[in-house]
Amino acid sequence: MASKNQFVTFNNGLKCPILGFGTWKSKPGQVEDAVKVAIDAGYRHIDCAMVYENEKEVGNAIKQKIDEGVVKRENLFITSKLWNIFHQPDYVETVIKKTLSDLQLDYLDLYLIHWPMAFKEGKLEDDWFPKTAEGVTIEGTGSYIETWKAMEKLVHQGLTKSIGISNFNKKQTEDILNIATVKPVTNQVECHPYLNQKKLKEFSAQHNIILTAYSPLGSPDRPWAKPDDPSLLDDPKILAIGKKYNKSAAQVLIKYQIQRGIIVIPKSVTKSRIESNFDVWDFTLEQNDMLEIDTFDCNGRVLHLNWNKKFKDYPFHDEY
C-alpha cells in the first residue's frame, strides 16, 4: 500500500518520512494496536525508545503488518534511542541488539543518543533511573563524545543505517561535529509553537542536520501538567487558523513543522486521532499564518528536567 508521506534527505543521502508516529507515553496494551492503526493509516516512520518500555509491543505490531503484506520492512523507517545509563562505549552494541530483538528487526534506520546527560552507568537489568536513598538521580561519569564514537561503529556493523542525537544543545552538537567521522543526521528536540527552536534549527541547517520535533502538540498528556498551563490544542489563534482550512488544531500544528522542513512525530493511541494526524497532505498554510504561529514562541519548554540541572551535561542552560 502506498503512503502519502513526504520525505527529507539526510546528510548521508538516506531519506526519512517527514511525518512519523511517536510512541512515548504509549502504554503496553495500547501501543501495539496504535502502531497497527498508524501503519494502516499510512505512517511509515515509527519513533521508539528503549526507556519507553514498549518496544516488544511495537515490534509485534510491525511484524504483524509485514506478515499481512501491508508494508515491507524496507518501506518502514524505525528509530530507537540509547538510554542514559548505557553511555559506556563498550556496552552500546549490547543495548542496540536488545532493542533490535524486542522490535524483531535486523537493523534500525536511525539510532539516537537519547540525552547528552549520563546517569550512573548500568546494565540492561538495572534500574534505568538510578537514585540515592533520598530519591535524587545519580549522575554518571560518561562522556557523550566517547558514546558517539561507539555509535559510529554501529553504522559500520550494519546495526543502524543512520545515527543522531536528541536533546543536545548547540555547544554539545558542536562537540560531536568536532570529532565525528559519521555525522549526526538529526537532533530530536522538543519543538512546537511555544518553543519553535528557530535558532537551533538555523544552526543545525548550517551543518546539514535536520531537526525532529517531539511533543509537537505541546505534550498535553504530560503527567506534570498544571491545570492552568497554556494548551496549544486549545489556543484560540491556532483554532482560528484551523477553522480557515477546515482542519483541527493538531493538524495545523503538524503541518507547521512539515512546512518548516522539520520531521514531526505526534503521538496518540486513539484511532481517530492517529488517522486525523496523518490527514495533512491536502492543505498548505499560507505564509502569513506560518509567521503568526512563529510569534507564539516564548521559550515555553514543557520537558525541562529541572531535577537534573546540576548534571555537567544538562542541555538547557545554554541559550539554545
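Reader: How many helices and strands does the protein chain have?

Author: The model under discussion is a predicted one. Its elements are numbered from the N terminus. The protein chain has ten helices and ten strands.

Reader: What radius of gyration does the protein chain have, and what would a compact globule have with 320 residues?

Author: The C-alpha atoms of the protein chain fill a box of roughly 55 × 45 × 40 Å along the principal axes. For 320 residues, a compact globule would have a radius of gyration near 20 Å, and the value for the protein chain agrees with this, being 19 Å.

Reader: At roughly what angle do the axes of helix 2 and helix 3 cross?

Author: Helix 2 covers residues 55–67 and helix 3 covers residues 92–103. Their axes come within 7 Å and cross at roughly 45°. That angle makes helix 2 oblique to helix 3.

Reader: Which residues of helix 3 meet helix 2?

Author: From helix 2, the residues involved are E55, K56, V58 and G59. The residues of this contact divide into two nonpolar, two polar and four charged. On the side of helix 3, the partners are K98, T99, D102 and L103.

Reader: How are helix 8 and helix 10 oriented to each other?

Author: The axes of helix 8 (residues 249–259) and helix 10 (residues 287–294) come within 11 Å and cross at roughly 100°. Angles of 65 to 115 degrees count as roughly perpendicular. Helix 8 and helix 10 are therefore roughly perpendicular.

Reader: Which residues of helix 10 make the contact with helix 8?

Author: Helix 8 contributes V252, Y256 and Q259. By class, the residues of the contact divide into four nonpolar, one polar and one charged. Helix 10 contributes M290, I293 and D294.

Reader: Which helix gives the largest share of the lining of the second largest pocket?

Author: The second largest pocket has a volume of about 460 Å³. Its lining comprises 23 residues, with L195, N299, R301, E319 and Y320 nearest its centre. The lining has eight nonpolar, eight polar and seven charged residues. The largest share, three residues, comes from helix 6.

Conventions:
Residues are numbered from 1 along each chain as its sequence is written. This is a predicted model: local features need pLDDT of at least 70, side-chain atom pairs count only at pLDDT 80 or more; totals for chains, interfaces and linings use all residues. Side-chain values use heavy atoms; hydrogens and water are left out. Axes are lines fitted to C-alpha atoms, for helices over the stretch in contact, and angles run from 0 to 180 degrees between N-to-C directions. Helices (H or I, at least four residues) and strands (E, at least two) are DSSP runs, numbered from the N terminus. Angles under 35 degrees count as roughly parallel, over 145 as roughly antiparallel, 65 to 115 as roughly perpendicular and the rest as oblique. Contact means heavy atoms within 4.5 Å. Ala, Val, Leu, Ile, Met, Phe, Trp, Tyr, Cys and Pro count as nonpolar, Asp, Glu, Lys and Arg as charged, and the others, Gly among them, as polar. On a 1 Å grid over the protein atoms alone, a cavity is a set of points where a 1.4 Å probe fits but cannot get out, and a pocket is an open set with protein on both sides within 12 Å along at least five of seven lines; lining residues have an atom within 4 Å of a point. Grid points are joined across faces, edges and corners, and a volume is the space filled by probe spheres set on the points. The radius of gyration is taken over C-alpha atoms; the globule rule is 2.2 Å times the number of residues to the power 0.38.
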